[in-house]
Amino acid sequence: MRVAVAGCCHGELDKIYETLALAERRGPGPVDLLLCCGDFQAVRNEADLRCMAVPPKYRHMQTFYRYYSGEKKAPVLTLFIGGNHEASNHLQELPYGGWVAPNIYYLGLAGVVKYRGVRIGGISGIFKSHDYRKGHFECPPYNSSTVRSIYHVRNIEVYKLKQEKDKGQTARTTKFLALDKCLPHRDFLQILEIEHDPSAPDCLEYDIEWLTILRATNDLINVTEHLWNMPENNGLHARWDYSATEEDMKEVLEKLNHDLKVPCNFSVTAACYDPSKPQTQMQLIHRINPQTTEFCAQLGITDINVRLQKSKAEHHLCGEDEEQDDVESNDSGEDRSEYNTDTSALSSINPDEIMLDEEEDEDNIVSAHSDMNTPSVEPSDQASDFSASFSDVRILPGSMIVSSDDTVDSTIDREGKPGGTVESGNGEDLSKVPLKRVSGEHEPEQRKKIKRRNQAIYAAVDDDDDAA
């Protein structure tokens with residue numbers, strides 16, 4: 001079986017399928033399956049664009065909407081996982097996976113399926129330690145924090161995948177592909193030869209073990225942002241093993257009438273983009289997808305989005321008030337910089353997350369503020385340069401001269417002896433030489449002698465400045 005693997009698609013489906021066609025003409029035969037590894041960008045309309053955690057200049061409709069509307073159809077079965085630049089509101093409709101367009105299947109938050117006897121599993125999003133132990137609490141309309149945390153991997157999804165067992169299967173060598181984005185002259189697509197079962201159906205199938213695990217872990221669903229841990233064998237949990245037993249898998253098979261074929265039940269749930277009629281003010285709606293409703297009803301599990309809507313109505317979890325914005329922003333730490341605010345030892349900087357220009361600019365702004373606020377002391381041999389760069393510094397007027405009476409008993413000379421006079425850099429006595437006045441300032445008829453307290457302190461400071 002020939003399997004094509006693509007890196008970040010970024011919505012460029014036309015280009016990817018054109019490249020596949022070219023590879024098929026040059027290669028030994030047609031491609032049976034296409035796997036896309038994140039940043040798929042299943043953008044249907046302008047509202048979906050606003051749910052992508054990217055600066056506005058990177059929000060482009062690209063070509064997916066043509067496959068969503070039925071104008072085009074994917075020439076090869078396409079499976080994908082979500083990345084960190086997605087139309088999150090669209091993918092959120094399918095937490096357990098489903099069709100985003102005819103012949104294009106999303107694996108969900110985490111999922112395992114079969115094609116021609118080959119098990120294919122994946123998990124969507126990227127890892128961020130500060131959100132890892134939270135529930136799936138985000139829902140549209142997102143704020144500046146949740147539009148990012150929505151694609152952060154949660155421990156519940158990893159926990160489910162860890163319940164899978166390779167019973168009776170031999171170990172296979174896995175190839176790791178580091179593929180580029182879909183750009184000219186880049187390695188964004190590779191084709192692999194994978195062994196398969198010739199007797200297996202030529203269609204996408206559910207994995208019975210995975211379905212059994214989903215059913216067993218249904219009570220572990222969490223739609224709050226509170227941190228929590230998965231059950232483990234530590235004496236605190238009545239159950240910690242949710243792996244599938246033969247008896248449980250038989251029960252699930254009966255629920256599905258022994259039919260594991262993934263139904264082709266794609267349906268349009270949102271208005272599709274129309275280039276001739278742009279709708280920039282399209283409203284964001286938290287939708288319930290009929291595919292998910294059907295899947296949950298058949299398997300007897302909870303639709304996460306239904307649970308979220310109930311919680312939202314009861315507790316207002318997804319409100320857009322400023323107080324919640326502040327709290328969530330402090331929790332995730334990503335509003336100002338997504339890459340350097342997480343101080344956890346587990347993941348301070350995620351090398352797999354793509355940095356964008358505007359986010360780099362934010363770091364430069366922070367650096368610039370640091371430079372502006374950092375005091376600097378110039379050495380005495382560069383006094384001319386220092387004074388030139390600060391030409392607006394003014395000299396104290398003569399009225400601020402310290403009385404000689406005040407300096408007799410309180411000042412300290414350069415050698416630390418009491419009773420000395422304060423001198424300038426050229427040896428002149430500052431108490432005798434009048435200082436310059438600011439332009440426009442009039443000399444008073446009679447200067448008042450101002451007695452200053454703690455004159456020794458001021459003299460000491462001046463000494464330090466001269467010494468520097």
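This is a predicted model: local features need pLDDT of at least 70, side-chain atom pairs count only at pLDDT 80 or more; totals for chains, interfaces and linings use all residues.
Beyond its neighbours within four places in sequence, Tyr105 is in contact (heavy atoms within 4.5 Å) with residues including Leu79, Tyr96, Trp99, Val113, Leu204 and Val262.

Three strands form an open antiparallel sheet in the order 7-6-9, where helices (H or I, at least four residues) and strands (E, at least two) are DSSP runs numbered from the N terminus and pairing requires at least two bridges found by DSSP. Strand 7 (118–123) and strand 9 (204–206) are the edge strands, each pairing on one side only, and the twist averages 35° from one strand to the next. Strand 6 (residues 110–115) is joined to strand 9 by three bridges, with Leu204 as the partner of Tyr115.

Helix 7 (residues 155–162) packs on the sheet, touching strands 6 and 7, and its direction makes about 160° with that of strand 7; axes are lines fitted to C-alpha atoms, for helices over the stretch in contact, with angles from 0 to 180 degrees between N-to-C directions. Helix 8 (residues 208–216) lies across strands 6, 7 and 9, running at about 155° to strand 6.

Residues are numbered from 1 along each chain as its sequence is written, and side-chain values use heavy atoms, leaving out hydrogens and water. Local features need pLDDT of at least 70 and side-chain atom pairs count only at pLDDT 80 or more, whereas totals for chains, interfaces and linings use all residues.
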